[in-house]
Amino acid sequence: MEVMSNAKNNTAYLKRKKYNIWPYLFLLPFFALYTAFFAYPTLYSFYISLTDWDGVAGINKMKFVGLANYIRLFTRDTLFYKSLFNTLLFMVLYIPVVIFGGLVLAVLLYKLKSNRRLFQTLNVLPYITTPAAIGVIFAFMFDWSTGIINKILVASGLVQEGINWLGIGSTARFVVILMLIWKNFGYYLIIYLAGLSTIPEELTEAALVDGANERQIFFKITTPYLRPITQFLIITSITGGLQLFDEPMVLFGGSGGGPFLIGGPDRSCLTGMIYFYDRAFKSTTFLGYGAAITYGIFIFIVLLSFISSRLLYREEER
């Protein structure tokens with residue numbers, strides 16, 4: 001009897017074991033795709049960063065050089081630090097404008113009784129426009145000889161002759177920052193409009209009954225209530241801003257009518273991702289060094305995201 005009981009238990013165990021395989025089978029496609037398209041390329045690119053592979057020679061000529069690419073990147077490559085400085089400069093100048101401007105415009109539009117959807121659509125249109133199209137538009141607008149901006153300035157008497165917007169470092173940076181603000185403004189507006197709909201109307205009505213004015217309601221109710229959204233926007237803006245590529249690349253990458261030197265005049269608009277592209281695929285084909293640049297940028301993104309999140313949440317804990 002005991003033998004029969006054990007046999008039945010083993011049979012039931014095997015049935016349960018067979019049944020429990022199904023969850024793993026359903027998860028298998030995800031892990032297979034994740035391994036093929038994310039984990040393996042990530043690990044392989046890190047291995048490439050430890051070699052001197054130039055991408056033209058065969059893979060058999062890939063030579064392992066250890067940390068030589070990283071030592072060169074962090075100790076002798078001034079262009080790498082300049083590209084990070086340019087990226088940070090763009091972020092510092094455009095992110096506060098789009099966050100605060102998006103919040104203020106969202107509050108104004110939220111109170112609008114008519115044509116609100118029309119204004120929302122008009123503000124979101126630049127965000128859904130492709131970066132290449134935006135780059136071409138700005139290249140034509142700020143062209144030295146035929147751009148409409150110079151024509152307006154000269155016709156109004158503000159300047160005697162056209163400004164070489166895309167040929168001078170400071171004005172080229174101004175054009176890129178203006179383009180980033182114009183493109184991303186609609187995104188921040190939509191996020192804040194969604195957040196405003198979650199604020200209970202009773203709070204605002206009670207504040208008005210107590211005699212609060214619009215300014216006090218904005219700073220004492222609206223802004224604190226939208227704080228989690230602002231934190232989310234700041235962190236995602238920092239992460240996305242450090243990957244800035246499309247807009248300055250179209251203006252200063254040899255297309256769109258801008259100067260041919262990649263990164264603009266004096267490399268004033270050279271961002272980290274453009275520098276990686278230039279070293280790995282355009283001016284040179286040093287894939288090993290290009291991979292080291294991407295991991296250098298990755299380390300910088302992790303450090304900056306960690307510091308910003310710590311500062312934001314420490315302020316919240318107070």
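Let's start at Gly66, which is found in the loop between helix H1, residues 2–48, and helix H2, residues 68–75. Keep in mind that this is a predicted model. Is Gly66 buried or exposed? At 15% relative accessibility, Gly66 counts as buried, because the cut-off is under 20%. Setting aside residues up to four places away in sequence, Gly66 touches Ser49 and Leu50. Thr51 is worth a look too. Gly66 and Thr51 are 15 residues apart in sequence, and their C-alpha atoms are 6.8 Å apart in space.

Now step back to the whole chain. How many helices and strands does the protein chain have? There are 13 helices and 0 strands. The chain has 318 residues, and buried ones make up 36% of them. Next, contacts. Take those between residues at least 6 apart in sequence: 67% of them join residues at least 24 apart.

Next, a helix pair. Helix H3 covers residues 78–110, and helix H4 covers residues 116–128. Their axes come within 10 Å and cross at roughly 155 degrees. Angles over 145 degrees count as roughly antiparallel, so that is how H3 and H4 run relative to each other. Which residues make the contact? From H3, they are Leu105, Leu109 and Tyr110. From H4, they are Arg116, Phe119, Gln120 and Asn123. By type, the contact of H3 with H4 divides into 4 nonpolar, 2 polar and 1 charged.

On to helix H10, residues 227–241. We can check its length. At 1.5 Å a residue, its 15 residues should span 21 Å. The end C-alpha atoms are 20 Å apart, which agrees. Where do the buried residues of H10 sit around the axis? First, the names: Gln231, Leu233, Ser237, Ile238 and Gly241. They cover an arc of only 165 degrees around the axis, so they lie on the same side of H10. An α-helix has 3.6 residues a turn, so residues three or four places apart point the same way.

Now the loop between helix H11, residues 246–252, and helix H12, residues 272–282.

Thr271 is buried, with a relative accessible area of 0%. What does Thr271 contact, leaving aside neighbours within four places in sequence? The list is Ser83, Thr87, Phe90, Leu244, Phe245 and Pro248.

Asp266 is in the loop between H11 and H12 as well. At 60% relative accessibility, Asp266 counts as exposed. Check its backbone: Asp266 is not a glycine, yet its phi is positive, about 55 degrees. Arg267 also lies in the loop between H11 and H12. Arg267 is not a glycine either, and it has a positive phi of about 55 degrees.

Last stop: Phe300, in helix H13, residues 287–317. Phe300 is partly exposed, with a relative accessible area of 22%. Which residues does Phe300 contact, leaving aside its neighbours within four places in sequence? They are Leu84, Leu88 and Leu242. Take Leu84. Phe300 and Leu84 are 216 residues apart along the chain, but their C-alpha atoms are separated by 8.8 Å.

That's the tour. Questions, please.

Note on methods. Residues numbered from 1 in each chain as written. Predicted model: local features only at pLDDT ≥ 70, side-chain atom pairs only at ≥ 80, totals over all residues. Heavy atoms only, no water. Axes fitted to C-alpha atoms, helices over the stretch in contact; angles between N-to-C directions. Helix = DSSP H or I, 4+ residues; strand = E, 2+ residues; numbered from the N terminus. Parallel < 35°, antiparallel > 145°, perpendicular 65-115°, else oblique. Contact = heavy atoms within 4.5 Å. Nonpolar A, V, L, I, M, F, W, Y, C, P; charged D, E, K, R; others polar. Expected span 1.5 Å × (residues − 1). Buried < 20%, exposed > 50% of the residue type's maximum accessible area, 1.4 Å probe, protein only. Arc of directions from axis to C-beta.
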